[in-house]
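Visitor: I would like a close look at a single part of this predicted model, with its surroundings described as well.

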Amino acid sequence: MEHVIEVRNFQKSFKPPFRLKRIHAVRGITFEVKRGEVFGFLGPNGAGKTTTIKAIVGLITPSAGEIKVFGESPFSMTAKKRIGFLPEQPYFYDYLKASELLDIFGRIFGMGADERKRKIKDLLEMVGLAHAGDRVLRKYSKGMLQRVGLAQALLNDPELIILDEPMSGLDPIGRKEFSDLIASLKAKGKTIFFSSHILADIERLCDRVLVLDKGMVKAVGDLEELLRERSWEKEALVKGLSEEEVRSWEGVSAVEKIDSEVLRIVFKTEDTNKIVAKVIEKGGIIHSVSDRRMSLEALVMKLTEAEEK
């Protein structure tokens, strides 16, 4: 499968004014984004996410390493024409109307008047701003400005859509509409790369994720595999034991009754042999033992806290 984004040993450091030491924002990260996937880019504040995104879209140059977008340099105009980008804090001229702003971007992309008019109408409807297209942007809320930013990111019908904290300022209804839009764009074959602090949305939308902390990759891969492989707990489905008895066992963190006969027992991975032996000793029947799927929030917390310790 073709890689739309290829990042190899990317490093970025800065030397702030009046400081002797350089700040190492990103420390040699490597990853790829496949065509047609939704890729989540995660990490706490200051992890290096926005710095990496700026390098991918050609706003800053790497201190070391290499980045390719569609097999070309991020500074290539050919590559840029195939990208739609929504920055974390988009800034637009306050006294433009949304329709006027999009018209300017359409002109930059070389669209004709009829095409601009049609696309602007469709996009304003898509992002829920059809009623406010002729309102000046200074009267927009933060969430409405995010929607305008998303519309401009989609104006050129890009193959790759890069979104930095796109749900910032959106209310629950707006987040749901955004999630539906991401799903529809994926169905059209678009590649979507986005960072977000709203982990529940990433968990629902993404095929693969990368967790970044202090400029270093802590985990990258298929979301479901990471949530199972990185779990520190297992669960067993057993039959022939009472719920009250199992709850009293040392090492058991949770017990759930699945039906009249089957229990789900949750325990730490390190206690697997002890729990299995206990079930057999008490005459229980083991149906299965498997890794317990952890939440994305628990995974991110586990990976970033491990570094702090």
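In which strand does S195 lie?

Guide: S195 lies in strand β7, which runs over residues 191–195; helices (H or I, at least four residues) and strands (E, at least two) are DSSP runs, numbered from the N terminus. The model is predicted: local features need pLDDT of at least 70, side-chain atom pairs count only at pLDDT 80 or more, and totals for chains, interfaces and linings use all residues. Residues are numbered from 1 along each chain as its sequence is written, and side-chain values use heavy atoms, with hydrogens and water left out.

S195 has a relative accessible area of 0%, so S195 is buried (under 20%; exposed is over 50%, partly exposed in between, with a 1.4 Å probe and protein chains only). The side chain of S195 makes a polar contact of 2.7 Å with the side chain of D164, the term being a pair of N or O atoms within 3.5 Å, one able to donate a hydrogen and the other to accept it. Leaving out residues up to four places away in sequence, S195 touches F41, K49, I53, L163, D164, E165 and P166, where contact means heavy atoms within 4.5 Å.

Two of these neighbours lead into other parts of the model. One of them is E165, in the loop between β6 (160–164) and α6. E165 has a positive phi of about 50°, although E165 is not a glycine. At a relative accessible area of 9%, E165 is buried. F70 is another non-glycine residue with a positive phi, here about 55°.

K49 and I53, both touched by S195, are among the buried residues of α1, together with T51, T52, A55 and I56. Just after α1 comes G58, with a positive phi of about 80°.

Next come the helices. The loop of E165 ends at α6, and α6 spans residues 172–187. Helices α5 and α6 pack with their axes 13 Å apart, at an angle of about 10°. The axes are lines fitted to C-alpha atoms over the stretch in contact, with angles from 0 to 180 degrees between N-to-C directions. Helices α5 and α6 are therefore roughly parallel to each other (under 35 degrees; over 145 is roughly antiparallel, 65 to 115 roughly perpendicular, the rest oblique). On the α5 side R147, L150 and L154 take part, and they meet G174, E177, F178, L181 and L185 in α6.

Helix α5 (residues 142–154) also packs with helix α3 (residues 98–108): the axes come within 10 Å and cross at roughly 25°. That angle makes α3 roughly parallel to α5. The residues in this contact are A98, L101, L102 and F105 of α3, and V148, A151 and Q152 of α5.

D201 is found in helix α7, residues 199–205. Its relative accessibility is 2%, so D201 counts as buried. Not counting residues up to four places away in sequence, D201 touches M167, R175 and S179.

Two other residues are partly exposed. T269 sits in the loop between β12 (262–268) and α10, and its relative accessible area of 32% is why T269 is partly exposed. Beyond four places in sequence, T269 touches S231, W232, E233 and K234. V300 is 31 residues from T269 along the chain, and their C-alpha atoms are separated by 19 Å. Helix α10 covers residues 272–281 and includes K278, which counts as partly exposed at 28% relative accessibility. From C-alpha to C-alpha, K278 is 59 Å from A151, and the two are 127 residues apart in sequence.

As for the whole protein, it has 11 helices and 13 strands. The C-alpha trace spans about 75 × 50 × 40 Å along its principal axes. Of the 309 residues, 45% are buried. Among contacts with a separation of 6 or more, residues 24 or more positions apart account for 67%.
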